Amino acid sequence: RHLRVLRLSSDRLYELLHQLTAPLLRHGNPETRRRAGEILADCAQAVRDAQEAILRSELRRLTIR
């Protein structure tokens, strides 16, 4: 049941990234679809980095109190 929060977060992130690249993914052009894949990978990495930074910051606040 605790994993439900993580699942919901992942679903929301998927929807955001899908909306971002949907126009590119609809193209039949392989180069355009390849570019969409690159954008997805770059955005996913940026989100992971941001999530990690936020989590580290919050955990640091917990241990400083």
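A: Begin with overall size. The protein has a radius of gyration of 16 Å, whereas a compact globule of 65 residues would have one near 11 Å. That radius is taken over C-alpha atoms, and the globule rule is 2.2 Å times the number of residues to the power 0.38. The C-alpha atoms fill a box of roughly 55 × 25 × 10 Å along the principal axes.

A word on the source. This is a predicted model, in which local features need pLDDT of at least 70, side-chain atom pairs count only at pLDDT 80 or more, and totals for chains, interfaces and linings use all residues. Residues are numbered from 1 along each chain as its sequence is written, and side-chain values use heavy atoms, with hydrogens and water left out.

The protein has two helices and zero strands. Both kinds of element are DSSP runs numbered from the N terminus: helices are H or I with at least four residues, strands are E with at least two. Of the 65 residues, 9% count as buried. Buried means under 20% relative accessible area, exposed means over 50%, and partly exposed lies in between (1.4 Å probe, protein chains only).

Now the helix itself. Helix α2 covers residues 30-64. Its 35 residues should span 51 Å at 1.5 Å a residue, and its end C-alpha atoms are 51 Å apart, which agrees. The expected span is 1.5 Å times one less than the number of residues.

Next, its buried residues. T32, A36 and A44 are buried in α2. Helix α1 (3-25) is included in what covers the buried residues of α2.

T21 shows the α1 side. T21 is found in helix α1. At 1% relative accessibility, T21 counts as buried. Leaving out residues up to four places away in sequence, T21 touches A36, I39 and L40. Contact here means heavy atoms within 4.5 Å. A36 is one of the buried residues of α2. An α-helix has 3.6 residues a turn, so residues three or four places apart point the same way.

Finally, C43. This residue lies in α2. C43 is partly exposed, because its relative accessible area is 22%. C43 touches L17 and L20, again not counting residues up to four places away in sequence. C43 and L16 are 27 residues apart in sequence, yet 10 Å apart in space, C-alpha to C-alpha.
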